[in-house]
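Thanks, everyone. I will take one structure today and go through a few of its parts in turn. Please have the sequence and the model open.

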Amino acid sequence: MNDEMNAEMTDVTHNDVMSDDVMSDDVMSDDVTHDADGSRSKKGKAAARRSKVPLLAILPVTVTSLVIGLPFVVGDHPLRWRPGSLEPALVLRDSASDPARTTAHGSTGPAAGGAEPEKTEEALPAGPVPKVDKPWKAGMPEWGVQIFWEDKKDRDDAYIENQARRQAAYLVGLKANAVSVSFPFYTEGRTSTKLAAGRGTPTPEHLDTVLRVFHEAGLRTTVRPTLDEAVLVPPEGWRGNIKPTDKDAWFDAYGALLGPYLDVAQRRQAATFVIGTELNSMEGHPGWKGLIAAAEKRFKGEVSYDANWDNYVGGHIDVPVERLGVDAYFPVKVPDDAPVDQLVDGWNTWLDKKSKGPLPRIVLAEAGISAMDGAYYAPGDFYARRKLNPTVQANWYKAVCQVVRERKMTGVYWWSVTFDADPKAAPKEHDSRLNFAGRPDSEREIRACFGSDYAGPGAASTP
């Protein structure tokens, strides 16, 4: 209870005590009491003394009533009546006072819009997390989703675990066998050498909880720290064109930041740790060698790097890792009503610039597109908001999945589902057009893709 409420309770109790004292004086004064209408009239001593016992009993009843009733008045009682309902509901965590309450598909990113009324989320039933039908094994395709997670330090473990269970159940329902957890870390500007966990970076303890839940669901897990771009002022400034004044100092700071997360990834048996994402301007620096060597001492799974699509097709990605991911937003300049085969041809045209034929060592670490008109021309445009067009998104997903199978790639991770969102809720008008969760056509294509008979690139092709 807050200080204001405590003060209010103290004042009320004090007044009750004072009133009781006054009543006692009155009844002992031989001739004063109260009529029902509040007027004062004279009575005899005997009548006054007879009324003394019931009056003294009022005090504990009044205090008890206030303790129970006052929270209803100030709106902090766990029993609430919803509009149109005669039955109370038990609300143990109030959205107004609990920072862990979030709205469906909420985001602090550039595509977020106005605030949405808070809603009480239905708790998942107790018991084991739903499990994937066919857990991933080496050589199988990775059918996954990127979970984008901006954490808040004051969220409790119960919230984190419940939300991880919610997302795991959704992924299993999509027939996914893999998940990548992307979360931000921060810098002070394009030339800064300082890197640190910040307001949205999950604590190692929270990451431990999420990886544990996903592992219990049978999902292959990837840990993917990603440099936040807010202070870089996108789209002109982005993580791919940073220019630290001292690159050696930058790598030292990066290694110190990653250490605790590598330890969690090892403890929770993550399959992959992404050592860098879309850092075009830093590729080729000798600092990667020492950073990766240090990472491999702490983490025994795969250490990978995720390249941006333009650098992937434009030249050699000079980062010494065995596994390479591609954030694949290849533009295909076709009309919105283009057939899927045309989209497939557009993708193959881009991929052929790098290498023709099968690409068994390549995983599409990010693939996605906005559900809006004109998106084929710039699938990676996170900022445009044109007319909603769910068919554009659904056909793109179908085409990309066909490319993955035909080129015998390692797999694909769709961008993205926000960790704090209810993935079953339909996207709102102000939500990012990139959201696919809650869009039936896109979800149908994802299930068809993940449930296909593609056997994968084969164990011999997997590092």
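I'll start at a single side chain, W347. Setting aside neighbours within four places in sequence, W347 is in contact with A328, F330, V332, L364, W396, V400 and V403. Before going on, note that this is a predicted model.

W347 also belongs to the largest nonpolar core, which has 100 residues. Within that core, the members touching the most others are I275, W288, Y305 and W347. Which helix gives the most to this core? That is helix 5, residues 247-267, with 10 residues.

Now the wider picture. The protein has 463 residues, and 49% of them are buried. Its secondary structure comes to 10 helices and 13 strands. Taking contacts with a separation of 6 or more, 74% are between residues 24 or more positions apart.

Next, strand 6, residues 178-187. Why can we call this strand largely enclosed by the rest of the structure? Because 10 of its 10 residues are buried, with buried meaning under 20% relative accessible area. In general, side chains in a regular strand alternate between the two faces of the sheet. In strand 6, A178, S180, S182, P184 and Y186 point one way. V179, V181, F183, F185 and T187 point the other way, and both sets are buried.

Which strands pair with strand 6? I'll take the partners one by one. Strand 5, residues 142-148, pairs with strand 6 in the parallel sense over 5 bridges. There, Q146 stands opposite S180. Strand 8, residues 220-227, also runs parallel to strand 6, and 8 bridges join the two. In that pairing S182 has R224 as its bridge partner. Strand 7, residues 195-196, is antiparallel to strand 6 and is joined to it by 2 bridges. The bridge partner of T187 in strand 7 is L195.

Last, a helix pair. Helix 3, residues 157-173, packs against helix 4, residues 204-216, at an angle of about 35 degrees, and their axes are 9 Å apart. The crossing of helix 3 past helix 4 is right-handed. On the helix 3 side, the contact is made by D157, I160, E161, A164, R165, Q167 and A168. Helix 4 contributes H206, T209, V210, R212, V213 and F214. What is the make-up of that contact by residue class? The residues divide into 6 nonpolar, 3 polar and 4 charged.

That is what I have; comments are welcome.

How values were computed
Residues numbered from 1 in each chain as written. Predicted model: local features only at pLDDT ≥ 70, side-chain atom pairs only at ≥ 80, totals over all residues. Heavy atoms only, no water. Axes fitted to C-alpha atoms, helices over the stretch in contact; angles between N-to-C directions. Helix = DSSP H or I, 4+ residues; strand = E, 2+ residues; numbered from the N terminus. Left-handed = near helix turned anticlockwise from the far one by under 90°. Contact = heavy atoms within 4.5 Å. Nonpolar A, V, L, I, M, F, W, Y, C, P; charged D, E, K, R; others polar. Buried < 20%, exposed > 50% of the residue type's maximum accessible area, 1.4 Å probe, protein only. Pairing = 2+ DSSP bridges. Core = buried A, V, L, I, M, F, W, Y, C linked by side-chain atoms within 4.5 Å.
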